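Biologist: Please take me through the helix packing, the aromatic pairs and the backbone geometry of this chain.

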Amino acid sequence: MNRFEHLARAKKEIFDVCIIGGGITGAGVLANAMERGWNAILIDKGDFASGTSSRSSKMVHGGLRYLRNLQFGMVHEALKERGHILNQFPHLVKPVPFLLPSYGSSIDLWIKDVVLSVYDRLAGKSKIPPHVRLTANEVQQKLPGIDNKNLKGGILYYDAWTNDARLTLDVISESLQNGASAINYLEVKAFDVKNDAVQSIKCLDTITEEEISIRAKVFINATGVWTDVVLQRLTGKTCTTLQPSKGIHVVIPSDRLPKDCVAIVASATDDKRFLYTLPWEHGLTILGATDTDYKGKEDDVLTDMNDVQYVLDSFNAGFPDANLTVKDVVSVFAGLRPMLKVEDDKGAYGRSREYSIWWNKQNLLTIAGGKLTSFLSMGKNCMNLVEERFKASSAKKATSNKYKGHWSSIYGEFGKFVEDIIGENPEHASLIDPKYDYTETEIIFFCRYQFAQHLSDMLTRRTSITYAMKEYDEQLLNKLASLMASELNQTEAWKEEQKRNYRQHWLEYHPSFLSNN
Ligand SMILES: Cc1cc2nc3c(=O)[nH]c(=O)nc-3n(C[C@H](O)[C@H](O)[C@H](O)COP(=O)(O)OP(=O)(O)OC[C@H]3O[C@@H](n4cnc5c(N)ncnc54)[C@H](O)[C@@H]3O)c2cc1C
């Protein structure tokens, strides 16, 4: 079913549940609704995963540092989730070794060892091996160039790492296989409320400029950092349930720092904060993240030079001979953490990553906060509350589709579609560009089965070429615009508009201060 067919369905049907917000939280709610046999639709004002869910550090983890705040329940839940996600999405979520060095007194190393024992315990039975304690020499072998002044040793432990945007898209696509509907670029502008119940939502299709209404028994607001903006559209009053924090990442070539395990370094300004080197695609490493209060508009979050310098300073302190400079930076990206506002605020870094679910109207539920890692249990707990009040019109339980062919290691069960597209025309098996490991077939697959509507969808969230494209590559864009236009039935004018818009988008990841410094 293409986007127009989903739109036609949205205008006609009364859904059991309509989920607003297609980040990982909304995707998790959709997946759980489908598992229970609910007739569900998911909509997003932009591309799916274009909010925080493509801007995270991409770790599927319990969150070691939250143990410092004694948040055992949250860490335990997240570690259990890590296990489920590793089992359910083996093509997208991989275990990765992390190395936490220890400096100064032997007590520090001992404390870290004890904390990791608690972490292993909370994880329970898991595919992931338990932590080991390393000597200073072993740490230096694994992380050549690490600051060795007062180095006492380190702890090697495992967590998992994913591609956040692709995970979100896969969760949504899987629900579509089970009969769900999903439409991106459809923004909720207003709510039609009668007797404390939402009758329908008024949406604007930002591709066609058409206004449509969607009807459902239950509505779920899963709009991350836009939660309060959406609630304001519901109540007409200012809402302040969230207190977002900004986090930026810096992308560098992976040969600039050790890459066999994730190195954890202390922040250049506060040794109680940690930053990570995270493996990425296309021979790149992500460095991050920052964690600072944010008061601006949700759509306007950008990276500035101070953010970048702070990250580079932290890694230069951790690896004194690395001499990382702005010239090493291939790209940058910024995101907002959707954190709940609390009374006894400990500042952005200390603020809780818990989530909350609450009724705003008889049939409108909001879910906000949490982490990428918790999306399965967030979806389940949200739908538990819905099922206490409502029943699905017909319970047709979801089934899973097993495919184990060549493409399954990259696309899981959707590899079957990639194989079918190659079958249609084997010429599409060629690479789009020798620099990037994507074939024309995959571009067609992303348009046909994973909702790609614009060049930015394709280059940033279906592939991760935007992060790797240090110099703007006109030739590649022409090629991709043509491939997409032919798949989406679009015109020459569309291609030109796409390229103009993508240029603006690319500048967000490659701000001019990177080339001017
Ligand atoms: C720097 C950083 C690092 C992080 N690292 C990690 C990590 O390593 N591991 C981890 O587990 N978590 C991490 N997180 C947290 C995690 O990324 C977020 O908790 C998660 O992505 C939030 O997902 P969400 O779906 O709630 O929000 P979003 O992904 O922002 O989704 C909300 C969606 O709602 C849509 N929307 C808004 N308004 C409307 C409207 N009016 N109509 C329709 N749609 C609308 C938006 O377009 C958006 O797509 C990190 C976060 C940040 C910022």
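Biologist: Are α2 and α10 parallel or oblique to each other?

Modeller: This is a predicted model, in which local features need pLDDT of at least 70, side-chain atom pairs count only at pLDDT 80 or more, and totals for chains, interfaces and linings use all residues. Residues are numbered from 1 along each chain as its sequence is written, and side-chain values use heavy atoms, with hydrogens and water left out. The axes of helix α2 (residues 24-35) and helix α10 (residues 375-389) cross at roughly 55 degrees and come within 8 Å; axes are lines fitted to C-alpha atoms, for helices over the stretch in contact, and angles run from 0 to 180 degrees between N-to-C directions. Angles under 35 degrees count as roughly parallel, over 145 as roughly antiparallel, 65 to 115 as roughly perpendicular and the rest as oblique, and α2 and α10 are therefore oblique.

Biologist: How are helices and strands defined here, and what is the handedness of the crossing of α2 and α10?

Modeller: Helices (H or I, at least four residues) and strands (E, at least two) are DSSP runs, numbered from the N terminus. A crossing is left-handed if the near helix is turned anticlockwise from the far one by less than a right angle, and right-handed if clockwise. The crossing of α2 and α10 is right-handed.

Biologist: Which residues make the contact of α2 with α10, and how do they divide by class?

Modeller: With contact meaning heavy atoms within 4.5 Å, α2 contributes Ile24, Thr25, Gly28, Val29, Asn32 and Ala33, while α10 contributes Phe375, Met378, Gly379, Lys380, Cys382 and Met383. Ala, Val, Leu, Ile, Met, Phe, Trp, Tyr, Cys and Pro count as nonpolar, Asp, Glu, Lys and Arg as charged, and the others, Gly among them, as polar. By class, the contact has seven nonpolar, four polar and one charged residues.

Biologist: At what angle do the axes of α12 and α13 cross, and which residues make the contact?

Modeller: The axes of helix α12 (residues 415-424) and helix α13 (residues 440-449) come within 9 Å and cross at roughly 120 degrees. That angle makes α12 oblique to α13. On the α12 side the contact is made by Phe417, Val418, Ile421, Ile422 and Glu424, and on the α13 side by Thr441, Ile444, Phe445, Arg448 and Tyr449.

Biologist: Which residues form one aromatic cluster with Phe445?

Modeller: Rings of Phe, Tyr and Trp (its six-membered ring) pair if their centres lie within 6.5 Å; planes under 30 degrees apart count as stacked, over 60 as edge-to-face and the rest as tilted. A search of the whole structure finds 19 aromatic pairs; one of them is the tilted pair of Phe445 and Phe446, at 5.4 Å centre to centre with 50 degrees between the planes. Phe445 forms one aromatic cluster with Trp407, Tyr411, Phe414, Phe417, Phe446 and Tyr449.

Biologist: Is Tyr502, which pairs with Tyr472, buried or exposed?

Modeller: Tyr472 and Tyr502 form a stacked pair, 6.3 Å centre to centre with 25 degrees between the planes. The pair links distant parts of the chain, 30 residues apart: Tyr472 is in the loop between α15 (465-468) and α16 (474-488), and Tyr502 is in helix α17 (residues 492-509). Buried means under 20% relative accessible area, exposed over 50%, and partly exposed in between (1.4 Å probe, protein chains only). At a relative accessible area of 1%, Tyr502 is buried.

Biologist: Where is Ala49, and what is its relative accessibility?

Modeller: Most residues other than glycine have a negative phi, and most peptide bonds are trans. Phi of Ala49 is near 70 degrees, a positive value, and Ala49 lies in the loop between β2 (40-43) and β3 (59-60). Ala49 counts as buried because its relative accessibility is 1%.

Biologist: Is Asp196 buried or partly exposed?

Modeller: Asp196 has a positive phi near 65 degrees and is found in the loop between β8 (186-194) and β9 (197-205). With a relative accessible area of 42%, Asp196 is partly exposed.

Biologist: Which peptide bond is cis?

Modeller: Ala289 has its place in the loop between β14 (284-288) and β15 (292-293). With omega near 0 degrees, the cis peptide bond is the one from Gly288 to Ala289.
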